Amino acid sequence: MKKLFLMAALFAASVAGASADTTMEIPSVETAQANGWEALWGDYQYGYVMPENYVLVDNEEITVQLNKAANVATSCQVEGYDINLQMGSSLGRESNTAQYSLEGLYASMKQPYAILTLTPKMNGKISYTYCRGKNNNTTMYVWDTMANGGIGAFVSANSTFFDETQDSDLSPMSHTVTVNVQKDHVYWIFGAEEGANTDFYGLTFVPYASENYITPCTGSTVMEIPSVETAQANGWEALWGDYQYGYVMPENHVLVDNDEVTVQLNRAANVATTCQVAGYDINLQMGSSLGRESNTAQYSLEGLYATMKQPYAILTLTPKVNGKISYTYCRGKNGNTTMYVWDTMAQDGIGAFVSANSTFFDETLDAGLDPIPHTVTVNVRKDHVYWIFGAEEGANTDFYGLAFTGYHDSNYNGSTGIENVVTGTTGSPADGKIYTIDGRYAGKDKAALGKGLYIMNGKKFVVK
């Protein structure tokens with residue numbers, strides 16, 4: 001638990017003295033009128049048409065530019081917003097195997113919907129917020145045009161889904177995705193829902209060197225890696241013959257299984273005490289000899305394990321409700337690695353990447369930084385099966401934790417901010433849910449519990 005407390009404290013401290021990072025704002029209707037931009041559908045009450053090649057941000061951190069003229073609407077689907085940039089294409093959702101050109105993307109547009117070009121001038125992360133409305137069935141893409149030696153690759157193909165039964169009582173809600181971007185690469189950001197438009201509300205860029213960069217993974221269910229003491233008590237194998245180095249987590253170990261999500265290790269994997277980031281004392285080792293930044297292959301567990309040089313981890317995640325995950329990892333000082341989330345059931349079982357998140361270390365720009373953890377946020381779908389794994393040509397990546405938040409959770413609409421910080425292993429701060437120490441949901445009735453250690457509202461208690 002101390003690592004969660006420490007990371008929460010670090011984040012709270014950073015917020016207290018934070019300097020502003022770059023936030024992209026959509027120009028107001030008043031600005032559009034003052035500039036003489038065309039009224040949307042003939043009347044400014046509906047919005048306006050932002051002109052071709054309009055630069056939304058250009059500073060020392062980042063440039064964000066609109067490629068062609070696009071609709072800006074006042075008919076927002078989420079409370080708290082009064083304007084949005086309309087995005088969307090007739091490209092198939094959940095597909096991430098095509099090579100994209102701007103000409104090809106615009107040819108798929110039924111109306112003048114937006115495509116943004118984003119060029120970071122330093123390494124960092126972006127978070128962007130969008131909504132498809134009540135049904136929420138859409139995919140938002142971030143495409144790195146320079147990955148794979150210029151072939152390109154998806155950084156994020158983030159899909160949201162609305163369940164007619166389970167989610168029918170929800171109002172439209174915003175979805176915020178967090179993903180890393182590399183200095184001087186050129187990214188396209190666009191949406192797909194067979195021509196339907198998606199409301200895009202804004203984007204924020206945070207450089208590695210920013211005091212706001214580090215955020216913990218938080219949610220209503222938090223996956224924790226068992227301690228060395230737990231491994232010893234269970235008789236699990238010592239890593240490299242001595243528990244001071246860690247241990248080998250056994251095959252098919254279930255890390256979380258409650259009413260929200262199941263997280264399981266597929267095969268035996270190393271858990272190490274040699275952490276590269278201050279504030280953590282243990283990590284699950286991940287890595288494969290697969291090429292970084294590639295997201296065109298179809299993956300099987302057998303194929304993934306064939307690339308492992310040591311017993312590195314692959315996690316299987318199965319959400320039981322629609323929601324989002326956040327996970328935290330680090331490659332060390334150099335930071336060059338890719339962490340993948342692969343939806344095995346997308347594209348009618350062909351599979352697709354939900355996230356192929358790459359981090360990079362710049363020898364000159366980032367040389368003064370200590371190793372820092374990277375936290376990624378992405379949506380996942382009820383009853384789909386996801387594999388989470390890393391790639392750095394055989395080198396291991398430290399994986400520190402994972403958290404899940406369902407659409408219905410009161411903290412879902414928050415980003416990775418302080419309002420989401422939990423102080424217990426599982427359970428949102430005051431939901432009354434009781435969990436076992438290994439993350440299994442045990443109901444809300446203390447009187448029905450057997451002997452043991454439990455967690456409720458973020459606090460541990462013992463039933464004797």
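Trainee: Let's start with Lys121. Is Lys121 buried, exposed or partly exposed?
Mentor: Lys121 counts as partly exposed, because its relative accessibility is 31%. Keep in mind that we're looking at a predicted model.
Trainee: Okay, and which residue does Lys121 form a salt bridge with?
Mentor: Its partner is Asp58, and the closest N and O atoms of the two are 2.8 Å apart. Asp58 is exposed, because its relative accessible area is 54%.
Trainee: How many salt bridges does the structure hold?
Mentor: There are 3 salt bridges in the structure. Another one joins the side chains of Asp257 and Lys320, at 2.7 Å from N to O. That pair also links distant parts of the chain, 63 residues apart: Asp257 is in strand E16 (residues 254-257), and Lys320 is in the loop between strand E20 (315-319) and strand E21 (323-330).
Trainee: Are Asp257 and Lys320 buried, exposed or partly exposed?
Mentor: Asp257 is partly exposed, with a relative accessible area of 31%. Lys320 counts as partly exposed too, at 30% relative accessibility.
Trainee: And what about Asp163 and Lys382?
Mentor: Their side chains meet in a salt bridge as well, with 3.7 Å from N to O. Asp163 lies in the loop between strand E10 (153-160) and strand E11 (175-181), and Lys382 in the loop between strand E24 (374-380) and strand E25 (386-391), so the bridge ties together parts that are 219 residues apart in sequence. Asp163 counts as buried, at 17% relative accessibility, while Lys382 is partly exposed, with a relative accessible area of 25%.
Trainee: Why does Asp163 count as buried at 17%?
Mentor: Because buried means under 20% relative accessible area, and Asp163 has 17%.
Trainee: What's the phi of Trp41?
Mentor: Trp41 isn't a glycine, yet its phi is positive, about 55°. You'll find Trp41 in the loop between helix H2 (29-35) and strand E2 (47-50). With 53% relative accessibility, Trp41 counts as exposed.
Trainee: New topic: aromatics. How many aromatic pairs are there?
Mentor: The count comes to 25 aromatic pairs. One of them is Tyr208 with Tyr213: the ring centres are 5.1 Å apart and the planes are at 65°, so the pair is edge-to-face. Tyr208 counts as buried, at 5% relative accessibility, and Tyr213 is buried with a relative accessible area of 1%.
Trainee: What about Tyr299 and Trp342?
Mentor: Those two form an edge-to-face pair, 5.4 Å centre to centre, with 90° between the planes. The pair links distant parts of the chain, 43 residues apart: Tyr299 is in the loop between strand E19 (283-286) and helix H5 (301-306), and Trp342 is in strand E22 (residues 337-343). Both Tyr299 and Trp342 are buried.
Trainee: Which residues form an aromatic cluster?
Mentor: Tyr100, Tyr141, Trp143, Phe154 and Phe190 form one.
Trainee: Last one: where is Asn270, and what does its side chain make a polar contact with?
Mentor: Asn270 is in strand E18 (residues 269-272). Its side chain makes a polar contact with the side chain of Gln310, at 3.3 Å. Asn270 counts as buried, at 2% relative accessibility. Leaving out residues up to four places away in sequence, Asn270 touches several others, including Leu239, Tyr247, Asn283 and Pro311.

Key
Residues are numbered from 1 along each chain as its sequence is written. This is a predicted model: local features need pLDDT of at least 70, side-chain atom pairs count only at pLDDT 80 or more; totals for chains, interfaces and linings use all residues. Side-chain values use heavy atoms; hydrogens and water are left out. Helices (H or I, at least four residues) and strands (E, at least two) are DSSP runs, numbered from the N terminus. Buried means under 20% relative accessible area, exposed over 50%, partly exposed in between (1.4 Å probe, protein chains only). A polar contact is a pair of N or O atoms within 3.5 Å; within protein, one must be able to donate a hydrogen and the other to accept it, and residues adjacent in sequence count only if both atoms are side-chain atoms. Contact means heavy atoms within 4.5 Å. Rings of Phe, Tyr and Trp (its six-membered ring) pair if their centres lie within 6.5 Å; planes under 30 degrees apart count as stacked, over 60 as edge-to-face and the rest as tilted. A salt bridge is a side-chain nitrogen of Lys or Arg within 4 Å of a carboxyl oxygen of Asp or Glu.
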